[in-house]
Amino acid sequence: MSDTNNDSMGRGTQGTKMSKHHKKLTASAIKGAIQLGIGYVVGNLNSKPDRDVLMQDFSVVESVFLPNEGSNLTPAHHFPDFRLKSYAPLAFRYFRELFGIKPDDYLYSICNEPLIELSNPGASSSWFYLTSDDEFIIKTVQHKEAEFLQKLLPGYYMNLNQNPRTLLPKFYGLYCIQCSGFTIRVVVMNNILPRAMKMHYKYDLKGSSYKRCASRKERAKSSPTFKDLDFKDMHEGLNLDSETYNALMKTLQRDCRVLESFKIMDYSLLLGIHVLDHKPLSRESRCDSRKGQKVLYSTALESIQGSMKDPEPLGDDDTFGGIPAKYKDENLLIFLGIIDILQSYR
C-alpha cells in the first residue's frame, strides 16, 4: 500500500488554486484527510530506527493510498479515497527532534482535535489551519513553493544545525494529498502569533514603501494586517532595551544572510503587537493555547540570540514568549517571525 521513491513534487492538473479545492472538496474532508494522513505516516515513521540524516534522505518521497474502506495496512475512514505523499520524512523527523518535538506530541497536536481554519491574511491563495493547542500552523502551498522547499532542505538542515535560534520559519513536515482529482500540498510550521494573546496591531513588513499600505478592504477587517507605511504612521518605531535590541538585530542580520545565500528576496517580517496597558483577558475567558508549550525555540524571545541559557518549554506564562518593548508610554509585548520565504519573486 505504500512505496518510497525519489520523484519530484507530484503535479496535479487542478492543484494550483487552493480556493477552487475548497469549493469542490468540503472543508471537513480536507482537514480530516490532512490529520488522518499525517497521523498514519508519522506513526509508521516511529518504527524506523534513528540514524544520521544522509544526503539522499532529502529527496525521498514516501507514498501511501488510504481507501475509504480501509485495508490491511490503513484504517477505514469516512472521507473520499486519497493518496498521501510524505516528503523527506527522516529529515523532517530530525528537524522536529531538534526543536524538542516528540512524535506523540506532534501527533496529539495535529490529530487530537479538529483543526481551526484561519482566514487568509494575505494576497496569496494559501489557506491556513491552526492546531487546537496553538503550536502548529498548517499552510497550503503551491507546487513551485513545495518544490523550492525540497531544494532548500539540505541548506536549511545545515543552518538549523548551526543556529536553532532563528526567526526563519521552522518547517516540521511537507505533505501532498491527492483526492477526488485534486492535489493539495501542505507544510507544517511554527505558529508565530499565539491566539490567547490579543494582537492589538499586526503588520506585514518588507522594508519597502512601494504600495505598502493596507487596502481599504483589509482595514475594514476585525483584525487587519497593516503594512510598512501604516507602521510609520501608527507607531513610527518601537523601543527595546539595548541587550534585546542587539540580540534581535544580530538574529535578523544572520537570517537575512541565510536568505540571501538561498537567493530569496520576497519575504516579510510578521509583527504582532500586544499592548499590556489595555485591559487583559480574564483567566476564565482565555483559551488554554500554549499552556505547557512543547516546542523549543518557538517563541519570539527564544528565537533571538543573546546571552540566554538554553530554553526550556514554557509553562503557563502570561507573556507567551513575547519580547518586551515600549511605544511612548505604552508597555508592549511583540511577537515576530520571518514568513513567506517560499514565494518566488513577482
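The legends below describe several close-up views of a predicted model.

**Figure 1. Overview of the protein chain.** The secondary structure of the chain comes to nine helices and 12 strands, where helices (H or I, at least four residues) and strands (E, at least two) are DSSP runs numbered from the N terminus. Of the 346 residues in the chain, 52% are buried, a term that means under 20% relative accessible area, with exposed meaning over 50% and partly exposed lying in between (1.4 Å probe, protein chains only). Among the contacts with a separation of 6 or more, 71% are between residues 24 or more positions apart, contact meaning heavy atoms within 4.5 Å. Residues are numbered from 1 along each chain as its sequence is written, and side-chain values use heavy atoms, leaving out hydrogens and water. Because the model is predicted, local features need pLDDT of at least 70 and side-chain atom pairs count only at pLDDT 80 or more, while totals for chains, interfaces and linings use all residues.

**Figure 2. The crossing of helices H3 and H5.** The axes of H3 (residues 89–98) and H5 (residues 143–162) come within 11 Å and cross at roughly 35 degrees; axes are lines fitted to C-alpha atoms, for helices over the stretch in contact, and angles run from 0 to 180 degrees between N-to-C directions. The crossing of H3 with H5 is left-handed, which means that the near helix is turned anticlockwise from the far one by less than a right angle. On the H3 side the contact is made by Phe92, Tyr94, Phe95 and Leu98, which meet Leu149, Leu153, Tyr156, Tyr157, Leu160 and Asn161 of H5. By class, this contact of H3 with H5 has nine nonpolar residues, one polar residue and no charged residues.

**Figure 3. The buried face of helix H4.** In H4 (residues 103–111), the buried residues are Tyr106, Leu107, Ser109 and Ile110. Seen down the axis of H4, these buried residues fall within an arc of 165 degrees, so they line one face of the helix; the arc is that of the directions from the helix axis to the C-beta atoms. The buried residues of H4 pack against helix H2 (27–45), H3, strand S6, strand S7 (171–179) and strand S8 (182–190).

**Figure 4. Asp133 and its polar partners.** Asp133 is found in the loop between strand S5 (128–130) and strand S6 (136–141), and counts as buried at 16% relative accessibility. Its side chain makes a polar contact with the side chain of Ser109 at 2.4 Å, a polar contact being a pair of N or O atoms within 3.5 Å of which, within protein, one must be able to donate a hydrogen and the other to accept it, with residues adjacent in sequence counted only if both atoms are side-chain atoms. The side chain of Asp133 also reaches the backbone nitrogen of Glu135 at 3.2 Å.

**Figure 5. Phe79 in its loop.** Phe79 lies in the loop between strand S2 (61–66) and strand S3 (82–87), and it counts as buried at 14% relative accessibility. Leaving aside residues up to four places away in sequence, Phe79 touches Ser28, Ala29, Gly32, Ala33, Leu36 and Asn68.

**Figure 6. Ala88, a residue with positive phi.** Ala88 is placed in the loop between S3 and H3, and is buried with a relative accessible area of 0%. Phi of Ala88 is near 45 degrees, a positive value in a residue other than glycine.

Conventions. Ala, Val, Leu, Ile, Met, Phe, Trp, Tyr, Cys and Pro count as nonpolar, Asp, Glu, Lys and Arg as charged, and the others, Gly among them, as polar.
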